[in-house]
Structures are given as structure tokens and as C-alpha cells.
Amino acid sequence: MYRRISILPAGDFCRWNTLKGTIQGRAVNCNQHLWQPPFAVHRFCLRHIRANFNKTFKNTTLKSLMWQAGTETKQWKFDRVMKEIQERNVDTYIYLMKLDAEKWTLLHDSS
């Protein structure tokens, strides 16, 4: 399960709901439309993607490669890392390809 954050209006402040609990912040005056595209985007936290990945595959080399792929900003470097992941373990490559790249990689981040 991936960590998701939803922001709900609650009077003059917003409540950030996460799977771990609730954090309340008074610094943001909620306007519901401001938390929708194009003003806001939904992304997965790469640290939590990596933690879920590690629970499934338990391989430090693959975990490092997955992090490298997620933080690459150049297409050729991303492709090179993904090819190395595929060569080392096809299942890990399939796992990552099933994820929406726009949600976990900097390269494909449209925001």
C-alpha cells in the first residue's frame, strides 16, 4: 500500500490525512479548487515506494537502482538504469513498469 495524503477543509485550516494519522496545519487556508490540477499534483513518496519495493524484493542493489531510476532527470540515464534492473531481475522491472511513472519518477514528473 502506498502512502497517500489527502487535504480536507476544516474551518480556517486544513487537515492532512495520511495512512499514519492526521496532521493539522493552520498555515494553509483551504480553497478546495487550489488542491486540484493544475494548482496541485498527486505523487507517490519515493521513499515509501522504495520501502514497499524492498519488502517485496529484499535486495540492496536493486533497491539502490530503483532509487536511482526514480531520481534521474535525463531520459538516457533513466533508460540505462531500468535496463540494468531488467537484466538483474525481470520481476523487479515488471513491478516498476506497472507503477505510473509520472507518480514516482522525476523524469516523468509533469508538474
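Lys58 is exposed, with 65% relative accessible area (exposed means over 50%, buried under 20% and partly exposed in between, using a 1.4 Å probe and protein chains only). Lys58 sits in the loop between α1 and α2, and its phi is positive, at about 45 degrees, although Lys58 is not a glycine. The model here is a predicted one, so to speak of local features requires pLDDT of at least 70, side-chain atom pairs count only at pLDDT 80 or more, and totals for chains, interfaces and linings take in all residues. Numbering starts from 1 along each chain as its sequence is written, and side-chain values rest on heavy atoms, with hydrogens and water left out.

Now for the overall layout. The protein chain has 5 helices and 3 strands, where helices (H or I, at least four residues) and strands (E, at least two) are DSSP runs numbered from the N terminus. Read from the N terminus, the order of elements is β-β-β-α-α-α-α-α. Of the 111 residues of the chain, 28% count as buried. Contact is taken as heavy atoms within 4.5 Å; among contacts between residues at least 6 apart in sequence, 40% join residues at least 24 apart.

On either side of the Lys58 loop come helix α1 (residues 46–57) and helix α2 (residues 60–71), which pack at an angle of about 150 degrees with their axes 10 Å apart. Axes are lines fitted to C-alpha atoms, for helices over the stretch in contact, and angles between N-to-C directions run from 0 to 180 degrees. On the α1 side the contact involves Leu46, Arg47, Ile49, Arg50, Phe53 and Asn54, and on the α2 side Leu62, Lys63, Met66, Trp67, Gly70 and Thr71. Sorted by type, the residues of this α1 and α2 contact come out as 6 nonpolar, 3 polar and 3 charged. For that sorting, Ala, Val, Leu, Ile, Met, Phe, Trp, Tyr, Cys and Pro are nonpolar, Asp, Glu, Lys and Arg are charged, and the others, Gly among them, are polar.

Next along comes the pairing of α2 with α3, packed at an angle of about 155 degrees with axes 9 Å apart. That makes α2 and α3 roughly antiparallel. Here α2 passes α3 in a left-handed crossing. From α2, Thr61, Leu62, Leu65, Met66, Gln68 and Ala69 meet Phe78, Arg80, Val81, Met82, Glu84, Ile85 and Arg88 of α3. The tally for the contact of α2 with α3 is 8 nonpolar, 2 polar and 3 charged.

Helix α1 also packs on α4, at an angle of about 150 degrees and with axes 12 Å apart. These two, α1 and α4, are therefore roughly antiparallel, and α1 passes α4 in a right-handed crossing. Asn52, Phe53, Thr56 and Phe57 in α1 touch Asp91, Thr92, Tyr95 and Leu96 in α4. The residues in this contact of α1 with α4 split into 4 nonpolar, 3 polar and 1 charged.

Thr92 deserves a word of its own. Thr92 lies in helix α4 and counts as buried, because its relative accessibility is 0%. Neighbours within four places in sequence aside, Thr92 is in contact with Phe53, Phe57, Leu62 and Ile85.

Then there is the core. A nonpolar core is a set of buried Ala, Val, Leu, Ile, Met, Phe, Trp, Tyr and Cys residues joined through side-chain atoms within 4.5 Å. The largest such core holds 17 residues, and those touching the most other members are Ile49, Phe53, Met66, Ala69, Ile85, Leu96 and Trp104. Two or more residues of this core come from each of α1, α2, α3 (75–88) and α4 (90–98).

Towards the end of the chain, Leu107 falls in the segment after α5 (101–104). Leu107 and Lys77 are 30 residues apart in sequence, and their C-alpha atoms are 9.8 Å apart in space. Lys77 belongs to helix α3 and is partly exposed, at 27% relative accessible area. Beyond its neighbours within four places in sequence, Leu107 is in contact with Glu72, Thr73, Lys74, Gln75 and Phe78.

Definitions and conventions: Angles under 35 degrees count as roughly parallel, over 145 as roughly antiparallel, 65 to 115 as roughly perpendicular and the rest as oblique. A crossing is left-handed if the near helix is turned anticlockwise from the far one by less than a right angle, and right-handed if clockwise.
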